[in-house]
Amino acid sequence: MMLNKILKLEEEIVRAIIESDVILLDKLLHEDLVFVNHLGMMVSKKEDLAPHYKGDLKVASIQLSDRDVRFFGDTAIVTVSKNIRGSYSGQEFESHVKFTRVWWQVDGQWKVIAASSVPLQI
């Protein structure tokens, strides 16, 4: 049951990223989010959402593979390989990354509290 909930939330967050649905992203990301991006920079929730608000980030597709979900009490850790295509500030990109997202159930709601993105060599 918890696995199905996390898989559904993972689908929602991927869709929200592709559609730049900042309302849904704001709902799914914890206020104290800690995100280490593919450049090794620590990014806050506000900084993570900024390119979506500004329209700088346009994600055309996200292909997922090698997903693993593990539970530790009120915490779920999802790892997944992603092939992301899109543009940032008008520059096309294709990125291959291994992504880790930590979901934490707080006040009955699952929120992403931490995430990390590591470039993969293809």
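Two strands are counted as paired if DSSP finds at least two bridges between them. Helices (H or I, at least four residues) and strands (E, at least two) are DSSP runs, numbered from the N terminus.

## Basis of the model

This is a predicted model, in which local features need pLDDT of at least 70, side-chain atom pairs count only at pLDDT 80 or more, and totals for chains, interfaces and linings use all residues. Residues are numbered from 1 along each chain as its sequence is written, and side-chain values use heavy atoms, with hydrogens and water left out.

## The sheet

Six strands form an open sheet of mixed pairing, in the order β2-β1-β6-β5-β4-β3. β2 and β3 stand at the edges with a single partner strand each, so one side of each is left without a neighbour in the sheet.

Valine 36 has methionine 42 of β2 as its bridge partner, and phenylalanine 35 stands opposite valine 43 in β2. The two strands form a hairpin with five residues between them, and glycine 40 in the turn has a positive phi of about 85°. β1 also pairs with β6, in the parallel sense and over four bridges; here the bridge partner of valine 34 is alanine 114 in β6.

The pairing of β3 with β4 is antiparallel and extends over 13 bridges. Within it, valine 59 has glycine 86 of β4 as its bridge partner. These strands form a hairpin too, with two residues between them, and glycine 73 in the turn has a positive phi of about 65°.

## Helix α3

Helix α3 spans residues 45-54, and its buried residues are Lys45, Leu49, Pro51 and His52. They cover an arc of only 145° around the axis, which puts them on the same side of α3; the arc is that of the directions from the helix axis to the C-beta atoms. Buried means under 20% relative accessible area, exposed over 50%, and partly exposed in between (1.4 Å probe, protein chains only). The face turned away from the buried side of α3 carries the exposed residues Lys46 and Lys54.

The buried residues of α3 pack against α1 (2-19), α2 (22-28), β1 (29-36), β2 (42-43), β3 (57-72) and β4 (75-88). Contact here means heavy atoms within 4.5 Å. Glycine 55 follows α3 and has a positive phi, near 85°.

## The largest pocket

The largest pocket has a volume of about 870 Å³. On a 1 Å grid over the protein atoms alone, a cavity is a set of points where a 1.4 Å probe fits but cannot get out, whereas a pocket is an open set with protein on both sides within 12 Å along at least five of seven lines; lining residues have an atom within 4 Å of a point. Grid points are joined across faces, edges and corners, and a volume is the space filled by probe spheres set on the points.

The lining of the largest pocket comprises 34 residues, of which Phe35, Asn37, His38, Asp48 and Leu57 lie nearest its centre. At least two lining residues come from each of α1, β1, β2, α3, β3, β4, β5 (91-106) and β6 (109-119). α3 gives the most, with seven residues. The lining divides into 23 nonpolar, five polar and six charged residues. In this division Ala, Val, Leu, Ile, Met, Phe, Trp, Tyr, Cys and Pro count as nonpolar, Asp, Glu, Lys and Arg as charged, and the others, Gly among them, as polar.

Phenylalanine 71 is found in strand β3 and is partly exposed, with a relative accessible area of 28%. Not counting residues up to four places away in sequence, phenylalanine 71 touches Met2, Leu3, Ile6 and Ala76.

Leucine 3 is found in helix α1 and counts as partly exposed, at 39% relative accessibility. Leaving aside neighbours within four places in sequence, leucine 3 is in contact with Val69 and Phe71.

Most residues other than glycine have a negative phi. Aspartate 66 has a positive phi of about 55° although it is not a glycine. Aspartate 66 is found in strand β3 and counts as exposed, at 57% relative accessibility. Serine 89, in the loop between β4 and β5, also has a positive phi, near 50°.
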